[in-house]
Amino acid sequence: MVVPPLACHSRMSPGSKVTTMSPGFVGRFIVVADEDKTVVGLVIETLLTEGHAVFYAYDGVSAIQLALGLKVCDLVISNTRVGGVAGIDLIHELREHLPRLAILYLANAARSTPDVEARLPRNVPILREPFNAGQLCAAVRYLLA
């Protein structure tokens with residue numbers, strides 16, 4: 001995948017730096033947390049076409065470090081399971097540090113149960129898999145409005 005210069009995506013590791021955005025950048029900074037590389041790739045591709053800067057992590061610890069390490073994090077998109085960490089735990093950890101952070105929960109049909117979803121904060125919407133690019137974009141626009 002070719003990444004346009006304004007919409008860089010990155011996987012942050014300890015000691016890495018976030019690329020500075022061009023002066024005309026008007027998108028938002030979004031972190032995608034999912035252990036499924038195919039889902040991550042599709043979400044990144046969709047969000048890049050919307051003009052956002054997208055960063056990703058395949059495990060929960062990296063996702064938390066990434067979201068907290070960005071100067072600005074507008075949205076985190078988390079799946080049900082993120083590399084050994086339950087998405088719900090990742091969400092609660094993020095909310096502890098960033099209480100106003102917009103979060104979208106991607107509910108994997110095989111792993112997301114009503115009991116798990118009942119533990120989500122009230123203002124975390126659920127987007128159920130399978131979803132399409134239009135549904136993802138609509139949910140992101142709603143959360144970033």
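Me: What makes the contact between the side chains of D89 and R119 a salt bridge?

Reply: A salt bridge is a side-chain nitrogen of Lys or Arg within 4 Å of a carboxyl oxygen of Asp or Glu. For D89 and R119 the N to O distance is 3.3 Å, so the pair passes that cut-off. One caution: this is a predicted model, where local features need pLDDT of at least 70, side-chain atom pairs count only at pLDDT 80 or more, and totals for chains, interfaces and linings use all residues. Residues are numbered from 1 along each chain as its sequence is written, and side-chain values use heavy atoms, with hydrogens and water left out.

Me: Which parts of the chain does the D89 and R119 pair link?

Reply: Distant ones: D89 is in helix α3 and R119 in the loop between α4 and β8 (126-128), 30 residues apart. Helices here are DSSP runs of H or I with at least four residues, strands are runs of E with at least two, and both are numbered from the N terminus.

Me: Why is D89 called partly exposed?

Reply: Buried means under 20% relative accessible area, exposed means over 50%, and partly exposed is in between (1.4 Å probe, protein chains only). D89 has 39%, so it lands in the middle class. R119, at 44%, gets that label too.

Me: How many salt bridges are there by this rule?

Reply: The count is four. Among them is R111 with E35, whose closest N and O atoms are 2.8 Å apart. R111 is in the loop between β7 (102-107) and α4 (114-118), E35 in the loop between β2 and α1, and 76 residues separate them. Another is E50 with R141, also with closest N and O atoms 2.8 Å apart. That one joins the loop between α1 and β3 to helix α5 (residues 133-144), across 91 residues.

Me: Why is the F29 and F55 pair called stacked?

Reply: Rings of Phe, Tyr and Trp (its six-membered ring) pair if their centres lie within 6.5 Å; planes under 30 degrees apart count as stacked, over 60 as edge-to-face and the rest as tilted. F29 and F55 are 6.3 Å centre to centre with 15° between the planes, so they pair, and they stack. F29 lies in strand β2 (residues 29-33) and F55 in strand β3 (residues 53-57), so the pair ties together parts 26 residues apart in sequence.

Me: Are F29 and F55 buried or exposed?

Reply: Buried: F29 has a relative accessible area of 18%, and F55 has 0%.

Me: What puts K37 over the face of Y58?

Reply: The rule asks for NZ of Lys or CZ of Arg within 6 Å of the ring centre and within 35 degrees of the ring normal. K37 is at 5.1 Å from the ring centre of Y58.

Me: How do you know that the length of α1 agrees with its residue count?

Reply: The expected span is 1.5 Å times one less than the number of residues. For the 13 residues of α1 (residues 37-49) that gives 18 Å, and the end C-alpha atoms are 18 Å apart, so the two agree.

Me: Why say that the buried residues of α3 line one face?

Reply: In α3 (residues 87-97), the buried ones are G87, I88, L90, I91, L94 and R95. Seen down the axis, they fall within an arc of 160°, so they line one face of the helix. The arc is that of the directions from the helix axis to the C-beta atoms.
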